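Reader: I would like to learn how to read a protein model step by step, moving from the overall fold towards the annotated positions. Could you take me through one?

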Amino acid sequence: MKQVEVNFDGLVGPTHNYAGLSFGNVASLSNAKAFSSPKQAALQGLQKMKALHDMGMTQGVLAPQARPDIDTLRRLGFVGSDASVLEQASKRAPEVFRACCSASSMWTANAATVSPSADTSDGRIHFTPANLTNKFHRSLEPEVTGRILQSTFANDKFFQHHAHLPENEHFGDEGAANHTRLCTDYGRAGVEMFVYGRYAFDSSKPAPKKFPARQTLEASQAIARLHGLSDDTTVFVQQNPDLIDQGVFHNDVISVGNQNVLFYHEQAFLNTDSALAEIQTKFGEHKLHFIRVDTQTVPVQEAVKTYLFNTQIITLKEGEMAIIAPIECQESEIVSTYLNDLISQGTPIKKVHYFDVKQSMRNGGGPACLRLRVAMTESELEAVNQHTLMSEAVFARLNKWVNKHYRDQLSVDDLRDAVLLDETRTALDELTQILNLGSIYPFQR
Ligand SMILES: NCCC[C@H](NC(=O)CCC(=O)O)C(=O)O
């Protein structure tokens with residue numbers, strides 16, 4: 001049976017803006033209050049999806065969330081009509097208000113952790129939405145994320161959906177951004193590697209000092225239990241806390257894996273040698289390609305600035321791998337020189353493709369942040385909501401939809417405009433029809 005890995009990219013929502021909400025995420029803080037272009041952001045995302053589709057990949061799309069989040073603002077004590085809630089909140093609690101307007105659900109690497117059926121005890125694909133407790137604006141996502149996933153993977157013969165972990169920093173979970181799967185073929189049992197930033201219940205263990213560690217070991221362990229993973233094929237690795245303090249807020253900013261390749265910066269992990277040895281032992285007799293990038297070749301700051309590791313490594317039809325990199329990697333002499341060299345080093349990676357996702361990059365989200373990977377068999381793929389899979393027709397419809405509903409430019413001040421709320425609801429209501437999702441948004445219920 002044929003197996004594929006499908007990338008489900010997050011569609012950028014109509015309120016995409018730069019509010020500086022993510023302490024520890026350098027790009028988010030440095031672009032705070034800049035003008036954004038929701039239209040350009042959404043079109044850039046669609047271009048990347050279409051390009052991967054054209055390369056022969058199976059590509060999916062995940063719907064964005066409804067923002068401004070009026071229900072949360074009401075929960076926080078703002079009353080009256082929707083327009084009055086917007087006005088009061090933007091005046092009296094501007095920071096809270098901006099957090100409730102974020103389009104951050106676009107980074108679907110943080111939507112959930114996914115374990116393919118080959119790895120799980122009941123032979124189904126398991127999904128657990130990330131609770132994203134570390135950032136208020138992101139903690140608003142998991143419930144609707146769960147509904148989006150259930151409408152996209154709507155078949156309980158093949159798909160098992162779990163509730164997100166308890167909403168507490170002890171179980172802080174950021175989803176697939178801190179999870180990589182290594183395997184020989186997508187359809188065979190692989191090694192699931194969970195990367196955590198700190199121990200929740202043991203403060204004597206190493207932890208970052210300046211910026212928050214968003215993922216705990218205890219959260220990663222809970223996900224592995226929920227998904228029915230075997231201890232023999234699961235590895236928990238601590239991220240280097242010094243790097244979190246240098247702006248590496250998720251593991252996917254400093255390492256990425258695909259099949260038999262683990263591409264990582266030499267400073268990415270604590271106790272790297274023992275971690276890699278455990279991964280190789282659990283992987284079995286097949287040899288893994290550990291592609292290490294040294295500090296001397298690419299300093300950590302350059303990796304954070306260019307998102308060299310927030311690239312997607314994809315396996316093309318011919319079995320060769322390609323790197324999907326942000327254009328910032330091409331613009332950096334250090335990184336483009338490294339990548340040009342990498343493709344002739346005799347590893348499975350043979351090509352690099354650069355993409356302009358600058359609108360997302362300015363908030364600290366590269367190509368890999370924009371996608372959630374789901375490895376599937378043919379019958380599992382057939383059970384997916386087919387309206388969410390990229391095709392010429394879906395691409396054309398979504399482009400038309402973006403051009404019709406999205407603004408060219410948005411400032412954080414525009415977010416309090418009640419007309420914007422109406423625009424987003426009209427747009428998203430239409431989108432649920434295009435993607436055949438049913439009533440997933442609070443305003444539709
Ligand atoms: N995986 C990439 C996630 C990027 C995301 N940025 C943000 O939410 C920035 C939003 C803002 O500042 O407006 C985050 O930090 O979780």
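This is a predicted model: local features need pLDDT of at least 70, side-chain atom pairs count only at pLDDT 80 or more; totals for chains, interfaces and linings use all residues.

Reader: How many helices and strands does the protein have, and what is its radius of gyration?

Author: The secondary structure comes to 17 helices and 15 strands. The radius of gyration is 20 Å, close to the 22 Å that the globule rule gives for 445 residues, so the protein is as compact as a globular protein of that length. Along the principal axes, the C-alpha atoms fill a box of roughly 65 × 45 × 40 Å. As for the contacts between residues at least 6 apart in sequence, 77% of them join residues at least 24 apart.

Reader: What share of the residues counts as buried, and which residues touch the most other members of the largest nonpolar core?

Author: A residue is called buried when 20 or more other C-beta atoms lie within 10 Å of its own, and 52% of the 445 residues count as buried. The largest nonpolar core holds 104 residues, of which L62, A63, A112, I254, F309, L372 and V374 touch the most other members. A second, separate core of 18 residues includes C100, L140, V412 and L421.

Reader: Where does UniProt place the feature "active site"?

Author: The unreviewed UniProt entry places that feature at E174, H250 and C369. These positions are spread over 196 residues of sequence, yet they cluster in space, with a largest C-alpha distance of 11.1 Å.

Reader: Are E174 and H250 buried or exposed, and in which loops do they lie?

Author: E174 counts as buried because it has 32 C-beta neighbours inside 10 Å, and H250 counts as buried because it has 27. E174 lies in the loop between β5 (159-161) and β6 (179-182), whereas H250 lies in the loop between α9 (241-244) and β9 (255-258). Leaving aside residues up to four places away in sequence, E174 touches N110, A130, L132, R214, Q215 and H250, while H250, counted in that way, touches E174, A177, N178 and R214.

Reader: Which residues come nearest to the ligand, and how does the shell around it divide into nonpolar, polar and charged residues?

Author: There are 20 residues around the ligand, and A19, L21, S22, S28 and C369 come nearest. The shell divides into 7 nonpolar, 11 polar and 2 charged residues. C369, one of those that come nearest to the ligand, is also among the positions that UniProt lists under "active site".

Terms used:
Residues are numbered from 1 along each chain as its sequence is written. A residue is near a molecule or strand if its C-beta atom, placed from the backbone, lies within 6 Å of it. Ala, Val, Leu, Ile, Met, Phe, Trp, Tyr, Cys and Pro count as nonpolar, Asp, Glu, Lys and Arg as charged, and the others, Gly among them, as polar. A nonpolar core is a set of buried Ala, Val, Leu, Ile, Met, Phe, Trp, Tyr and Cys residues joined through C-beta atoms within 7 Å. A residue is buried if 20 or more other C-beta atoms lie within 10 Å of its own, exposed if 12 or fewer, and partly exposed in between; C-beta atoms are placed from the backbone. UniProt positions are given in the numbering used here, feature names are shortened, and annotations may be inferred rather than shown by experiment. Helices (H or I, at least four residues) and strands (E, at least two) are DSSP runs, numbered from the N terminus. Two residues are in contact if their C-beta atoms, placed from the backbone, lie within 7 Å. The radius of gyration is taken over C-alpha atoms; the globule rule is 2.2 Å times the number of residues to the power 0.38.
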